[in-house]
Number of protein chains: 2
Amino acid sequence: MGGGLSGGDLLAGYLHSRAGDFLRGLRLYGESGADTASADAAARTLRGAARRIGGGLHTFRPLLDPGWADSFRTELGWLSGTLAQEHACAARLRRLLGALARLSGGGPGEAGGATLPGARTETPPQGPPAAGPPQGSLTVGASRAGALLERQLTLARTRAHSTTLQALGSSRFHAVADTVAVLASEVLLSPRAEAPAADVLTASVAATEHRLLDAVAALPLARAAHPYNSDALVHGLATAADGEAQDAPWHRVRRLLRMHRYAQEVWCEGLPPDPALHAAGQALDRHRDAAEAAAAAANAARTPRIAPATAYALGVLHADQRHEVEAARYAFQQLWQQTGARR
Amino acid sequence: MGGGLSGGDLLAGYLHSRAGDFLRGLRLYGESGADTASADAAARTLRGAARRIGGGLHTFRPLLDPGWADSFRTELGWLSGTLAQEHACAARLRRLLGALARLSGGGPGEAGGATLPGARTETPPQGPPAAGPPQGSLTVGASRAGALLERQLTLARTRAHSTTLQALGSSRFHAVADTVAVLASEVLLSPRAEAPAADVLTASVAATEHRLLDAVAALPLARAAHPYNSDALVHGLATAADGEAQDAPWHRVRRLLRMHRYAQEVWCEGLPPDPALHAAGQALDRHRDAAEAAAAAANAARTPRIAPATAYALGVLHADQRHEVEAARYAFQQLWQQTGARR
């Protein structure tokens, strides 16, 4: 693994490959036309390549021309952020409808009492007279909440799709694509890149790992190790800002863990990632997804003139997703201990 | 512990003592007047004595006159059930207001964003215009939900108090009190009670334990051992009957565990109970309390013409209490394993 190679040789090889992935994703996206599944897959390839190139530019900045690396990385961040939105809206809706079905006594994906919406995208703004059968007045809330979420998140997804199309047609995007095309054959290295790979890459990877370890040390892991600690719902009825402040350190670890994984890919290209570390990253992905789904449920509950039964179902859904947040923290804590045992 | 005594001697001694407790509780209740704390304590003494006598009559039925034991036990069950209501309403309200304060970011008992109700017992049936500030429209829900619950549970408590007073003045109660007064000095034993305590009492205690073990074996303990399994909220938006069906086997174990504890008191009077078994019983008490609090929150959400923000807060609260149900099952499972290790 990089025996006699210089750090620059190894890094350039990695960046060339990722630039190739990016250009292939771009070509596939252009060819996908009306085929949504192909467009999704192509966007995923583009996004993955953009994030890995950005990660490489960040982690191995000492080996690169810093001005070029920084401005390029900013543009890649804009692109991957834009591309992620549409996918995130679709995934969030799937997660919330699945949870509603589960909460209505069906399995995920089954309709259960919550009769998955779709046939009906127009809900009357007022519920049925609340004097109806007491049970029914709450169970109808699940299907109405589902219809409301579907309407809101489908709209958000459509907007994200337009934004993506606009972005991909912009001169800003063309400039990024041109830079990536150059990257496929040429990387602007600094003099330090001539040092042996074993020295300079290891130092950069270690620096990334230290930042990760510091961020993990800042997490309330001792608390997360106790199941059912109710931490994630502590601000369930307070302002959204309180909840976000609580989640931020976990989101930070998620990003640093991904950065660390990408950094290891450069050094050990082709090797499978550490399974526990990979699973820990997936737990933090779930943490992020559940936190955003919980926020979407709370946000839907702020829709004017919804029926109380709809608001009730959204409250149950919000709390359910905040418990998924707590469950993800517990899972991360368990997995992180396993990686610690091997460190 | 009952060396040369007959089963009847030991059982009669125990029942005499409990009858004494009952009569003392009754006297204290009569003397408590307007002092609510004293009345509560007296009612607790009465209830505990009635349940223990009823438990003894049930477990050691083979040693007693069966017709007398059965009809007496029915009357004691009626009395302790009636006495429990007022206390349960007060405890439920405390639990729900504590949870609301916690969910609003304050500690239990602190007001936090949920400003504990009390000053304001009249909530307008309609919320503020939903076009108000989006954050506020949900945070106001916590205090309104608290006010609504306080109104409903205070009313229920007042009704339970009247029912208790009526019951204690009824001829049915006087008949029970007379029977207990006789029990303080005389127990109607069967011929089997003449056998040595070590034989007959042990057999009865073992029968109780078998019923307990069978009931525990019917619980989904393997599932409960996985934290965050989301089982307790599976019917969170389905009908109340589904949720109750799920809780019933746990409630059954709670009752059998109490019966088992009372049976052991007869045999090992004065010895402290097995700590893990005691804690397991407390976990199932929490299970019952949380399940009933969750039902009260769902029930409050069925109040006609409540504001959506109130319904949302009640939904969050319901889900929170159902997670307490799940947490109690997890705790029971852990504690039960400890008792198993000693069996």
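Predicted model: local features only at pLDDT ≥ 70, side-chain atom pairs only at ≥ 80, totals over all residues.
# Cavities, a pocket and a helix crossing

Visitor: How much space lies in the second largest cavity?
Guide: The count comes to 2 cavities of 30 Å³ or more. The largest cavity has a volume of about 50 Å³. For the second largest cavity, the space is about 40 Å³.

Visitor: Which elements give two or more residues to the lining of the largest cavity?
Guide: Chain B lines this cavity, with Pro220(B), Arg223(B), Ala224(B), Asn229(B), Asp231(B), Trp250(B), Glu326(B) and Arg329(B). By class, that is 3 nonpolar, 1 polar and 4 charged. The elements asked for are in chain B: helix 7 (221-224) and helix 10 (308-342).

Visitor: Which helix of chain A gives the most to the lining of the second largest pocket?
Guide: This pocket has a volume of about 970 Å³. Helix 2 (36-59), helix 3 (66-103), helix 8 (240-267) and helix 9 (275-301) of chain A each supply at least two lining residues. With 11 residues, the one that gives the most is helix 3 of chain A.

Visitor: Which residues lie nearest the centre of the second largest pocket?
Guide: The lining has 7 nonpolar, 11 polar and 16 charged residues. It holds 34 residues in total. Nearest the centre are Arg51(A), Arg254(A), Arg258(A), Asp285(A) and Arg288(A).

Visitor: How do helix 2 and helix 8 of chain B lie to each other: roughly parallel or roughly perpendicular?
Guide: Their axes come within 9 Å and cross at roughly 85°. Angles of 65 to 115 degrees count as roughly perpendicular. Helix 2 and helix 8 of chain B are therefore roughly perpendicular.

Visitor: How many nonpolar, polar and charged residues are in that contact of helix 2 with helix 8 of chain B?
Guide: Helix 2 of chain B brings Arg51(B), Arg52(B), Gly55(B), His58(B) and Thr59(B). Helix 8 of chain B meets them with residues including Arg258(B), Tyr262(B) and Glu265(B). By class, the contact has 3 nonpolar, 3 polar and 5 charged residues.

Key
Residues numbered from 1 in each chain as written. Chains lettered and ligands numbered in written order. Heavy atoms only, no water. Axes fitted to C-alpha atoms, helices over the stretch in contact; angles between N-to-C directions. Helix = DSSP H or I, 4+ residues; strand = E, 2+ residues; numbered from the N terminus. Parallel < 35°, antiparallel > 145°, perpendicular 65-115°, else oblique. Contact = heavy atoms within 4.5 Å. Nonpolar A, V, L, I, M, F, W, Y, C, P; charged D, E, K, R; others polar. 1 Å grid on protein atoms, 1.4 Å probe; cavity = no way out; pocket = protein on both sides within 12 Å on 5 of 7 lines; lining within 4 Å. Points joined across faces, edges and corners; volume = space filled by probe spheres on them.
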